[in-house]
Amino acid sequence: MTVSSSTATPLTEIGAAVAQLRVTFGTNKTKSISWRKQQLRQIYAFIRDQYPLIEEALKKDLNRSPADTQLELVILLNEAADAIEHLEEWMKPTASAPTLLTFLDTAVTRREPLGVVAIIAPFNFPIQLLLGPLIAAIAAGNCVVLKPSEMATASEALLLEWLPKILDMDAFSIIVGGVKETTRLLEVKLDHIFYTGSTTVGKIVMAAAAKQLTPVVLELGGKSPVYIHKDVDIEVAARRMCWAKTMNCGQVCIAPDYVMVHQDIVAPFAAALRKVLLEFYTEDAKKSSEYPRMINQAHTKRLVNVLDRQLALKHSKLVIGGDHDVSDRYIAPTVVSNVKLTDPLMEDEIFGPLIGILSVTGEDEAIEIIQSRDRPLALYVSAKDTRVVNKILDNTISGVSVVNDYVFNMVLGDMPFGGVGSSGMGAYHGHSGFLAFTHQRGMVWRGTDFLTETVHKFMYPPFASSSFALFVSRVAVVKPLPSEFGLFVRKVVKRAAPILGQFALLAVAFYFGRSFQAAGDVASKSTPVLGSAFAGKAFQIVSNATESVLRSSSFVGLMSLVRGKN
């Protein structure tokens, strides 16, 4: 579908656009590995070559700093490069373990595209959260309907101009508009919907998809909790918190939302936050070129209302910030301490640069608070004590978790990212993104030769119900219950196998080492200096080989297993 302007797509054309994509998908064009790689290369080249235009658009929409823009675009470049690098591996069918009834057959799982899929992007990362899922959808071989955010107008205009230039538009369609156009798109039969945004709209998307039994990935959000333990380096913890919370003006789905601080360090931690924010953005963050803006005035007013209600409570303590200018979409980085669980800052996802500090007695109270609320998209723990960290992780559920930092999971292209419960469903990035847009189609291909048919006769009545046939079928199909000893042996063998080659290498090294040593002994009788050189070389060969084996992850893992540590 060709896009000529940023005016809203006529509602009557949306169904036709999807129908045209179905025609394209029916030609098997998008299943070609060369076609997929070409589209991915085009996206990579667009981000690389049009970097200044993308940076300018994000600056207009969100006053995005160069550092934050680079982080966003590097993630995209790596996603595209990884998809190209691993595409053949991801597409390759995987064989199923044979049984006595299927050992003559071909049994594989094929990775096939779902068909025509839709990607609905949010305003906070209008480029990344459209092109990121698009990379995964293309890698999987789908035709794609793209719905950029209408709120990020500069980014939307950029995408409308450039995507038709770089993509094969027989396989893609761009829908422009707001609620009406998105609602109409959701009424059309699609094979998959990928939505990133709020939980409220996510429920609407899921309800619409349910009417057509369309599968969905919902990347939502919610209130991502933070626990700061009393043993942290307060300055480091404060610096990382301020960096993460002010990134994109707090408009990040996995931004730290509320901060539970051990009661022993509440005051020094709040003071450290104030100090760091002044270092980052000076006394007047509004004048800082590094400080971003809210997406529009409406979202700015929403935050101002929440903050005013919070500060109206007598127990609230404003540590820093509170300034705002709705016309400039500006709200200062703000820290409020003495926040209670029933306060305005704890009602809904903040999605802005407001930090609310709750004093807690320790990790047990933090766990109780986390468990009492909806499952978050992200969970953050700052602590040196590994027992505290593991206790919180073992007793909570979240989409992702990061220890002693924030949002760093996003730079790992092979780590699945997705919510759980009200924070979303499904995951993507890297191979997980490919699988999100893929149907894993099981396939058994049986022969019709004499031997295969002889095996199959054990399934035909009346012979199938005979004592002999039932016995053979049980032996051929039923797996015995694994014993704990058997599982242990299997683990040992699995971990030992990779290091057998390393030990063989060590044996070879010893052999050559002894050879050098013997040569050295002979040489030393006539030339002592030459003999010492041979001996030194022998020692070096053997010691290097031994160190290589002992430090290998396979050997360490095997020893840990044998000692009962894993």
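This is a dialogue on how some features of a predicted model were assigned.

Visitor: What are the ground rules for this model?
Guide: The model is predicted, and local features need pLDDT of at least 70, side-chain atom pairs count only at pLDDT 80 or more, while totals for chains, interfaces and linings use all residues. Residues are numbered from 1 along each chain as its sequence is written, and side-chain values use heavy atoms, with hydrogens and water left out.

Visitor: Why is the pair of F458 and F468 called tilted?
Guide: Rings of Phe, Tyr and Trp (its six-membered ring) pair if their centres lie within 6.5 Å; planes under 30 degrees apart are stacked, over 60 edge-to-face, and the rest tilted. Here the centres are 6.0 Å apart and the planes stand at 45 degrees, so the pair is tilted. F458 is in the loop between α15 and α16, and F468, 10 residues away, is in helix α16. Helices (H or I, at least four residues) and strands (E, at least two) are DSSP runs, numbered from the N terminus.

Visitor: What makes K29 and D170 a salt bridge?
Guide: The term requires a side-chain nitrogen of Lys or Arg within 4 Å of a carboxyl oxygen of Asp or Glu. The closest N and O atoms of K29 and D170 are 3.5 Å apart, and the pair qualifies. K29 lies in the loop between α1 and α2 and D170 in the loop between α6 and β5, so the bridge ties together parts that are 141 residues apart in sequence. The whole structure has 21 salt bridges.

Visitor: How do you know that β7 and β17 pair?
Guide: Two strands pair if DSSP finds at least two bridges between them. β7 (residues 216-219) and β17 are joined by 2 bridges and run antiparallel. In β17, M425 is the bridge partner of L218.

Visitor: What makes β5 and β17 edge strands?
Guide: The open sheet of 6 strands has the order β5-β4-β3-β6-β7-β17, with mixed pairing. β5 (172-174) and β17 (424-425) each have a single partner strand, so one side of each is left without a neighbour in the sheet.

Visitor: How do you know that helix α8 packs on this sheet?
Guide: Contact means heavy atoms within 4.5 Å. Helix α8 (residues 199-211) touches β6, β7 and β17. Its direction makes about 175 degrees with that of β6; axes are lines fitted to C-alpha atoms, for helices over the stretch in contact, and angles run from 0 to 180 degrees between N-to-C directions.
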